[in-house]
Amino acid sequence: MKTALIYPPDSVRYGSERPLALSRWLAVVAALVILMIAVGGITRLTESGLSITEWKPVTGAIPPLSESAWQAEFDAYKQIPEYIEVNGPAGMTLAEYKFIYFWEWFHRLLGRLIGLAFALPLAWYWSRGAIPAGYKPRLLALLALGGMQGVFGWMMVRSGVGTEAMLDMRTDVSHYWLSIHLMTALFTLGGLVWTALDLRNWARSDPHAGLSGFSIWVLAILAVQLLYGAWMAGLNAGYVAGGGLLNSWPLMQGSLFPEGIDWSRGALFAFTADPYLVHFIHRWWAWVAVAALVVMGRRLRAKHRHISIFLHAAFGTQILLGIATIWTGMEIWVAVAHQVVGALVLVTTVWGAHALGFRDRMPGSVLK
């Protein structure tokens, strides 16, 4: 007859440390980051990102509360190239401006809320001595990444409203800054998930995890795909696929390899800024990522079958959503779902890498 092991509360086993509580808190913050990525996708797809032309970290949390305040914001927006060249000639009304303003304001507000959701509990756990040894630098690094994310977001907006944008009459943000903004969010998401899993292992006296060489390769391959996805969004490259179902996927404008790639500015420009080539690489590098994830799934199957199932479900859904995004002509909700599931692919890949990365057990740990 087997006797179930009953473990005492964290407070008995770890003194003031609360590893499970910390793990759950980081999981909630990770969920908020995924929501932030979804809202960021909507902001991008509705061309709302340049609707607020100033960065006011504190007072900017309050939207315009009077008609005159709304008009002042609209007047500021009328000074930037996006309005002068695009929305002005299209006859944008104040009501239409309020729509795009909402999404940018909500995106920034959610960023502020995530900052508070991380910083305030961190300060509380720190003051209570609830953070296990070795985790304080990692949590501070995650906090710093969150702060950098806000700065990068403003640098992205500034690329479309600043002096240089005015001189060049740039009607959009720099896709390079957009990719830095998104990739920082995804890197932060991965760090939150990994740290939450580490703390859960700590609480359960399970092995301490480290990145294996194989997992580093899989994450690197996935990072390339995510980077090209960010460039796709910044360059509006989803629209260059062509018309009709089969003519837009698997073909691009009727051929496997697209015509119209601008090589005149060099290979570096073409591989990082030409919408045709960026789109081509994103859609076919996806299969390299799939192959790597399939191998990871097979390695997980013996001892972590549930993670393998989630991993396959995530990247399978992502492939279908990617094709559907092109076939629907960048339908906003399909495209947003594609971006969100991309974040979930990252989460499940980090989960799988963590499971494959068990190394030396902690001193005094007990197998369960």
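Residues are called buried under 20% relative accessible area, exposed over 50%, and partly exposed in between (1.4 Å probe, protein chains only). The model is predicted, so local features need pLDDT of at least 70 and side-chain atom pairs count only at pLDDT 80 or more, while totals for chains, interfaces and linings use all residues. Numbering runs from 1 along each chain as its sequence is written, and side-chain values use heavy atoms, with hydrogens and water left out.

Nonpolar cores were examined as sets of buried Ala, Val, Leu, Ile, Met, Phe, Trp, Tyr and Cys residues joined through side-chain atoms within 4.5 Å. The largest core holds 85 residues. Within it, Trp25, Tyr97, Phe118 and Leu189 touch the most other members. Contact here means heavy atoms within 4.5 Å. Neighbours within four places in sequence aside, Phe118 contacts Trp25, Leu26, Val29, Leu139, Leu142, Leu143 and Leu192. A second, separate core has 12 residues, including Trp231, Ala237, Val240 and Ile261.

Helices are DSSP runs (H or I, at least four residues), numbered from the N terminus. Helix H5 (residues 94–127) has 34 residues and spans 48 Å from its first C-alpha to its last. This is close to the 50 Å expected at 1.5 Å a residue, the expected span being 1.5 Å times one less than the number of residues. Glycine 129 follows H5 and has a positive phi, near 65°.

Helix H3 (residues 67–77) has Trp70, Phe74 and Tyr77 buried. Its buried residues fall within an arc of 55° seen down the axis, so they line one face of the helix. The arc is that of the directions from the helix axis to the C-beta atoms. These buried residues pack against helix H4 (81–87) and H5.

Aromatic rings of Phe, Tyr and Trp (its six-membered ring) pair if their centres lie within 6.5 Å; planes under 30 degrees apart count as stacked, over 60 as edge-to-face and the rest as tilted. The structure holds 23 such pairs. Phe102 and Trp105 form a tilted pair, 6.3 Å centre to centre with 45° between the planes. About one helical turn separates Phe102 from Trp105, because they are 3 residues apart in H5. Phe102 is partly exposed at 38% relative accessibility, whereas Trp105 is buried at 15%.

The pair of Phe152 and Trp177 is also tilted, with centres 6.1 Å apart and planes at 40°. This pair links distant parts of the chain. Phe152 lies in helix H6 (residues 136–161) and Trp177 in helix H8 (residues 175–204), 25 residues apart. Phe152 is buried at 18%; Trp177 is partly exposed at 25%. Ring pairs also join Trp70, Phe74, Tyr77, Tyr83, Tyr97 and Tyr101 into a cluster.

A charge sits over a ring if NZ of Lys or CZ of Arg is within 6 Å of the ring centre and within 35 degrees of the ring normal. The charged end of Lys78 sits over the ring of Phe74, 4.6 Å from its centre. Arg299 lies over the face of Phe214, 3.9 Å from the ring centre.

Most residues other than glycine have a negative phi, and most peptide bonds are trans. The bond from Trp249 to Pro250 is cis, with omega near 10°. Pro250 is in the loop between helix H10 (245–248) and helix H11 (267–273). Asn236 has a positive phi, near 55°, and is partly exposed at 27%. Met330 has a positive phi near 65° and is buried at 18%.

How values were computed: Helices (H or I, at least four residues) and strands (E, at least two) are DSSP runs, numbered from the N terminus.
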